[in-house]
Amino acid sequence: MTMSTTYLDPYDRYRKPHSAGAEGGAILEMPDPETWTSGQRLLARWYEDHAVDGLVPPTTPIDLLGPLIGLVHKLVVDRDRDDFRYLIYGRSIAKKANMGVDGLWVSELIEPTRSVFLEHYRTLVAAPRLYMGWLRYEGIDIPHREWVRAVAPMGSARDGVTHFIVYSDTVDDPRRI
C-alpha cells in the first residue's frame, strides 16, 4: 500500500516557488472593509476579539481561525537580526506558493518576495496595526500573480510586536473562504 504524502509534503520540491519568475512586487493596502474577502474579515474579527492595546497576546490560540488554518502563517520578530522567522506556514498556502518555509527567515526567501515582505513586516513592527491588503507580483510566467493578505500583530505593551499572524490566499482561487 502506498501512503499519500500530500499532507506531509504538499508542494513539489523539484519546481520553483511561485514567485521565481517575478520581476518585482508590491503589497498594497485595502482600507475599505467592503472590499475585504471573507478570510480577511474572519482574521479581522479574531484580531478585534483578542487585541489589547492594538496587539493580540502571543499566547492567544488561533483555533478560532479554523477555516483559515491552512492559509495562515505565524512569524516571530527577531529585533537583533531585523528579520522574521516562520514558526507556522499553512499547508494550503505552501502548496499554492510551491514552497515550504517552516523555520526559515524571511531574509532567506527568493527575490522579490524577500524584499517586499521584509519591508512590509518592518513597517508593521514600527507602527503596529491590523493590516488588510493584497500582494501583486510583476512578471510574465507567475502562476499566482495576486494574493490577498491580512496581518495581525501580536505582542504586548511592554515588549511591542513579537509575532505576526498572517492570512494569505490567491486572488484567483474559486475555493477561497
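Biologist: Which pattern does the protein follow, read along the sequence?

Modeller: This is a predicted model, in which local features need pLDDT of at least 70 and side-chain atom pairs count only at pLDDT 80 or more, while totals for chains, interfaces and linings use all residues. Residues are numbered from 1 along each chain as its sequence is written, and side-chain values use heavy atoms, with hydrogens and water left out. Helices (H or I, at least four residues) and strands (E, at least two) are DSSP runs, numbered from the N terminus. Here the order is β-α-β-β-α-α-β-β-β, with 3 helices and 6 strands in the protein.

Biologist: How many aromatic pairs does the count come to?

Modeller: A pair of aromatic rings is described by the distance of the centres and the angle of the planes. Rings of Phe, Tyr and Trp (its six-membered ring) pair if their centres lie within 6.5 Å; planes under 30 degrees apart are stacked, over 60 edge-to-face, and the rest tilted. The count comes to 5 aromatic pairs. One of them joins Tyr86 and Tyr89 edge-to-face, with 5.4 Å centre to centre and 85 degrees between the planes. Ring pairs also link Phe84, Phe117, Tyr121 and Phe164 into a cluster.

Biologist: Are Tyr86 and Tyr89 buried or exposed?

Modeller: Buried means under 20% relative accessible area, exposed over 50%, and partly exposed in between (1.4 Å probe, protein chains only). Both Tyr86 and Tyr89 are buried.

Biologist: Which residue lies over the face of Phe117?

Modeller: A charge sits over a ring if NZ of Lys or CZ of Arg is within 6 Å of the ring centre and within 35 degrees of the ring normal. Arg149 lies over Phe117, at 4.5 Å from the ring centre.
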